[in-house]
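Trainee: Before I use any of these labels, I want each one set against its cut-off. Can we go through them in turn?

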Amino acid sequence: MPIYESGCKKCGSTFEELVFGSETPVCPKCGSPDTDRLLSRCACRFGGAAGSDMPSAPAASGGGCAGCAGGNCSCCGH
């Protein structure tokens, strides 16, 4: 039961909704059933400066980010 980000074609609002199967969510702002599923962006934080999503230098131990196994990660480069 994934939560999808959706956009309303009528009022332009975006919202997140728990969606079952292929059902189409209704806009909570205007009630329109004319909505589209949006592509959501993955978020990563690396411990850089506050408010920055740029990676800080990797640890000398060869660490990398929490999402990789330390081998050719597309997120942190390790």
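Trainee: Which residues is Ser6 in contact with, leaving aside its neighbours within four places in sequence?

Mentor: Ser13, Thr14, Phe15, Pro25, Asp36, Arg37 and Leu38. Contact means heavy atoms within 4.5 Å, so each of these residues has an atom pair with Ser6 that meets that limit. This is a predicted model in which local features need pLDDT of at least 70 and side-chain atom pairs count only at pLDDT 80 or more, while totals for chains, interfaces and linings use all residues. Residues are numbered from 1 along each chain as its sequence is written, and side-chain values use heavy atoms, with hydrogens and water left out.

Trainee: What makes Ser6 count as buried?

Mentor: Its relative accessibility is 2%. Buried means under 20% relative accessible area, exposed over 50%, and partly exposed in between, with a 1.4 Å probe and protein chains only. The value for Ser6 is under the limit, so Ser6 is buried. Ser6 lies in strand β1; strands are DSSP runs of E with at least two residues, helices are runs of H or I with at least four, and both are numbered from the N terminus.

Trainee: How do you know that Thr35 counts as buried?

Mentor: By the same test: Thr35 has 9% relative accessibility, so it counts as buried. Thr35 is found in strand β3. Not counting residues up to four places away in sequence, Thr35 touches Gly7, Cys8, Phe15, Thr24, Pro25 and Cys27.

Trainee: Why is Gly21 called exposed?

Mentor: Gly21 has a relative accessible area of 67%, which is over 50%, so the label is exposed. Gly21 is in the loop between β2 and β3.

Trainee: What makes the pair of Lys9 and Asp34 a salt bridge?

Mentor: The rule asks for a side-chain nitrogen of Lys or Arg within 4 Å of a carboxyl oxygen of Asp or Glu. For Lys9 and Asp34 the closest N and O atoms are 3.7 Å apart, so the pair qualifies. Lys9 lies in the loop between β1 (3-8) and β2 (14-18) and Asp34 in the loop between β2 and β3 (35-37), so the pair ties together parts that are 25 residues apart in sequence.

Trainee: How many salt bridges does the rule give?

Mentor: The count is 2. Asp36 also forms a salt bridge with Lys9, with closest N and O atoms 3.6 Å apart. That pair links strand β3, where Asp36 sits, to the loop between β1 and β2, where Lys9 sits, 27 residues apart.

Trainee: Are Asp34 and Asp36 buried, exposed or partly exposed?

Mentor: Asp34 has a relative accessible area of 38% and Asp36 one of 37%. Both values fall between the limits, so both residues are partly exposed.

Trainee: What sits over the ring of Tyr4?

Mentor: The charged end of Arg37, 3.6 Å from the ring centre. The criterion is NZ of Lys or CZ of Arg within 6 Å of the ring centre and within 35 degrees of the ring normal.

Trainee: How many helices and strands does the protein chain have?

Mentor: It has 0 helices and 3 strands, and from the N terminus on the elements run β-β-β. Buried residues make up 15% of the 78 residues in the chain.
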